[in-house]
Amino acid sequence: MASDVVPKDQDISDTESLVVIRSDARFKRLGWKRLTVVAIVEAIALGSLGLPYAFATLGMVVGTLLTIGIGLFAMYAAHNVGQVKLKYPHIAHYADVGPVLLGRFGGNIFIASFVALLVFVIGSHCLTGAIAFRTISNSDLCSVAFSAMSAVILMLLAIPPSFAEIGILGYIDFASIILAIGTTIIATGIQNSHRSASLMADYVPWSAWPKPDTTFSAAIVAVNTIVFAYSFAGCLPSFMEDMHTPEDYVKSLWWLGAIQIIIYTLTGSLIYSFVGQGVQSPALLSAGPLLSRIVFGIALPVIFISGSINTTVVCRYIHGKLYQNSSVRLIDTAKGWATWLGLVAVITSLGWVIAEAIPIFPELLSIMSALFVSGLSFYFPPVMWYVLLREGKWYERRNIKTAIVNGVVFLVGIVIFGCGTYSSIAELASLSLYPI
């Protein structure tokens with residue numbers, strides 16, 4: 001929140017000026033190392049839990065290639081988003097790119113996509129929290145109660161409005177997901193090596209290629225699970241807004257991308273190879289009854305801290321727009337805090353409603369990928385390069401390689417949107433949606 005958030009031509013009181021200066025010091029203290037932690041916390045969460053199931057559908061070869069390839073495309077696209085933020089410093093959130101890129105109408109599309117994606121992500125964290133609590137407690141309690149408990153925890157963790165403050169929890173979150181995934185990999189590996197003869201009859205080993213009976217819709221839903229794992233671009237401008245040196249985002253981006261690709265590839269391939277075709281989604285369910293309870297307990301911080309960061313991002317955007325020309329937007333007054341807490345409650349409640357409406361983990365991830373991640377993380381960033389970042393004609397020698405790469409990323413995003421939306425609807429139509 002820069003000190004120029006209040007327009008220079010607007011008269012403000014000395015008290016408001018002090019609030020702006022104090023809040024500027026409070027928010028503008030995120031360095032690239034802590035940004036890396038915050039970005040990892042936001043990015044490496046639910047996406048990693050669905051990857052082994054995606055590998056089981058696509059096969060080891062296709063799953064590995066897509067995990068690496070989509071990751072590289074996502075990193076390149078996110079780099080475009082960061083460059084736009086640097087070129088247009090007044091852009092505080094991804095949704096602010098819309099009016100600059102496509103005018104007023106485009107701004108509405110960006111706002112709708114940005115807010116809807118984050119609300120859906122919050123809903124997926126409510127759903128995962130409900131699965132975790134039901135697994136840990138081994139209880140027959142209705143899933144509505146568990147998802148409501150998850151929503152309350154997400155609300156409480158989203159109260160701090162500064163990413164630097166949340167970043168402190170990020171270290172706990174990162175340790176949580178690494179321990180949870182590591183424990184699952186080790187546990188499934190041990191179980192695989194000690195599988196009894198009676199259990200071998202039901203064991204279907206991993207395959208290098210997709211299953212013969214894999215439908216087009218099932219394959220695309222699996223691809224969308226991988227796409228969702230790389231949905232971090234939507235939050236990047238919001239994180240950069242809290243950086244004291246925004247140019248350093250590139251360091252964080254490449255660290256984040258490298259860590260994501262490595263963790264995702266290892267998680268998907270190893271758990272799938274150990275468990276075989278019977279791998280479940282979320283992947284932590286594949287560790288067996290007892291160990292699943294243990295690893296879900298370890299994973300609780302990542303489920304809720306990562307989810308709360310998405311709540312903070314979307315609420316920061318809405319709150320800032322509500323009080324665009326007032327120091328209230330800096331959440332340092334009674335009115336600011338009251339509005340902030342109300343927004344956190346409303347947004348989390350909307351996420352909870354989505355979790356109850358689509359209580360199936362793979363399909364929920366697929367819908368989010370097709371409708372929102374396809375644009376925010378793939379086909380919009382290339383358009384940003386062509387319209388906002390490009391210097392000279394796209395076919396000039398200095399631009400031709402970059403233009404081709406952006407064209408490929410754009411096509412990937414369009415395919416994800418078109419095929420993914422159709423496949424997600426087709427898969428949901430073939431399933432009975434009855435919450436446990």
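Start your tour by selecting K321, which is partly exposed, at 37% relative accessibility. Here, buried means under 20% relative accessible area, exposed means over 50%, and partly exposed is in between, with a 1.4 Å probe and protein chains only. What you have open is a predicted model: local features need pLDDT of at least 70 and side-chain atom pairs count only at pLDDT 80 or more, while totals for chains, interfaces and linings use all residues. Residues are numbered from 1 along each chain as its sequence is written, and side-chain values use heavy atoms, with hydrogens and water left out.

**Stop 1**

The term stands for a side-chain nitrogen of Lys or Arg within 4 Å of a carboxyl oxygen of Asp or Glu. Helices here are DSSP runs (H or I, at least four residues), as are strands (E, at least two), numbered from the N terminus. Is D96 buried or exposed? D96 counts as buried, at 10% relative accessibility.

**Stop 2: D242 and R316**

Next, select D242 and R316, whose side chains form a salt bridge of 2.7 Å, N to O. D242 lies in the loop between α10 (236–241) and α11 (249–275) and R316 lies in helix α12, so the pair ties together parts that are 74 residues apart in sequence. D242 is buried, at 0% relative accessibility, and R316 is buried too, with a relative accessible area of 2%.

For another salt bridge, pick K251 and D248, at 3.9 Å from N to O. K251 is partly exposed, with a relative accessible area of 41%. A search of the whole structure finds five salt bridges.

**Stop 3: T339**

Now move to T339 in helix α13 (residues 334–357). T339 counts as buried, at 18% relative accessibility. Which residues does T339 touch, not counting those up to four places away in sequence? Select H319, L322 and Y323 to see them; contact means heavy atoms within 4.5 Å.

**Stop 4: along helix α5**

Select residues 97–137 to show helix α5. A straight helix of 41 residues would span 60 Å at 1.5 Å a residue, but α5 spans only 44 Å between its end C-alpha atoms.

**Stop 5**

Show the surface and select F410, L411 and I414, which make a nonpolar surface patch of about 250 Å². I414 is found in helix α15 (residues 400–429) and is partly exposed, with a relative accessible area of 35%.

**Zooming out**

Finally, clear your selection and take in the whole protein. The protein has 15 helices and zero strands. Of its 436 residues, 55% are buried. Among contacts with a separation of 6 or more, 84% are between residues 24 or more positions apart.

How values were computed:
The expected span of a helix is 1.5 Å times one less than its number of residues. Patches are made of residues with over 30% relative accessible area and no salt bridge: like charges are joined within 9 Å, nonpolar side chains (Val, Leu, Ile, Met, Phe, Trp, Tyr) within 5 Å. Accessible areas come from the Shrake-Rupley method with a 1.4 Å probe; for residues, only the protein chains shown count as cover.
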